[in-house]
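I opened the model to look up a few things. My entries follow, in the order I made them.

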Amino acid sequence: MQASPLAAILAAATGAGTDRAGRVAVLPDCSLPGHPEVFAIGDMVRLNDLPGVAQPAIQEGTYVGRLIRARLAGKAGTAPFAYRDKGSMATIGHLSAVTDSFGMKFTGVTGYTMWGFIHLLYLIGWGNRIAAVLNWARALTFAKNRPYRTITYEHAQNELAEHHHERE
């Protein structure tokens with residue numbers, strides 16, 4: 001997995017280093033070296049060997065937002081970013097997921113239900129939450145165990161070419 005090309009651009013512009021995945025090294029406050037006014041967060045940064053997943057990105061975003069608010073209020077001396085590991089969750093199939101949080105592990109439908117609940121908590125706005133629940137209900141009701149169709153770039157090109165030839 002490679003970081004966003006923006007990470008390389010930021011690294012080149014500021015002289016910051018990058019790791020083998022292309023993530024830019026940031027200071028403990030998520031700012032770029034020599035540029036305290038520029039912040040980078042998420043899976044494009046290397047900070048404390050954190051994985052490039054949602055939870056560090058969410059916590060970094062919250063931290064940087066508070067840091068900017070504190071700076072605007074004239075407060076200095078903010079503590080460096082500290083990650084709080086809340087665990088891991090992943091869906092692994094139809095109605096099945098694995099969760100590992102605070103020393104407890106769950107799998108299957110229980111893990112899937114927990115994953116869905118946490119996922120909904122992090123969505124912004126009730127409209128998005130309702131839409132996600134309706135989409136999941138539709139997928140669970142009508143898709144059953146059938147895999148979702150994956151459209152590759154090559155497949156899309158072939159379909160486009162076939163459609164173009166049909167019109168001629």
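**Whole chain**

I began with the surface: the chain exposes about 11900 Å², and carbon and sulfur atoms supply 61% of it. Accessible areas come from the Shrake-Rupley method with a 1.4 Å probe, and for residues only the protein chains shown count as cover.

I noted the ground rules. This is a predicted model, in which local features need pLDDT of at least 70, side-chain atom pairs count only at pLDDT 80 or more, and totals for chains, interfaces and linings use all residues. Residues are numbered from 1 along each chain as its sequence is written, and side-chain values use heavy atoms, with hydrogens and water left out.

I found five helices and seven strands. Helices (H or I, at least four residues) and strands (E, at least two) are DSSP runs, numbered from the N terminus. Along the sequence the pattern reads α-β-β-β-β-α-β-β-β-α-α-α.

Of the 168 residues in the chain, 27% are buried. Buried means under 20% relative accessible area, exposed over 50%, and partly exposed in between (1.4 Å probe, protein chains only).

**Helix H1**

Which residues of H1 are buried? In this helix, residues 5-14, I listed Ala7, Leu10, Ala11 and Thr14. Seen down the axis of H1, they fall within an arc of 100°, so they line one face of the helix. The arc is that of the directions from the helix axis to the C-beta atoms.

I turned to the other side of H1, where Pro5, Ile9, Ala12 and Ala13 are exposed. The cover over the buried residues includes strands E1 (24-25), E2 (31-32) and E3 (35-39). Just past H1, Gly15 has a positive phi of about 80°.

**Nonpolar patch**

I looked for a nonpolar surface patch. Ile58, Phe117, Ile118, Leu121 and Tyr122 make one of about 450 Å². Helix H3 (residues 108-122) gives the largest share, four residues. Ile58 sits in helix H2 (residues 54-72). Ile58 is partly exposed, at 34% relative accessible area.

Patch residues have over 30% relative accessible area and no salt bridge; nonpolar side chains (Val, Leu, Ile, Met, Phe, Trp, Tyr) are joined within 5 Å, like charges within 9 Å. A salt bridge is a side-chain nitrogen of Lys or Arg within 4 Å of a carboxyl oxygen of Asp or Glu.

**Ser101**

Last, I checked Ser101, which lies in strand E6 (residues 96-101). Is Ser101 buried or exposed? Ser101 is buried, with a relative accessible area of 16%. Its side chain reaches the backbone oxygen of Lys86 at 2.6 Å. Leaving aside neighbours within four places in sequence, Ser101 is in contact (heavy atoms within 4.5 Å) with Lys86 and Gly87.

Note on methods:
A polar contact is a pair of N or O atoms within 3.5 Å; within protein, one must be able to donate a hydrogen and the other to accept it, and residues adjacent in sequence count only if both atoms are side-chain atoms.
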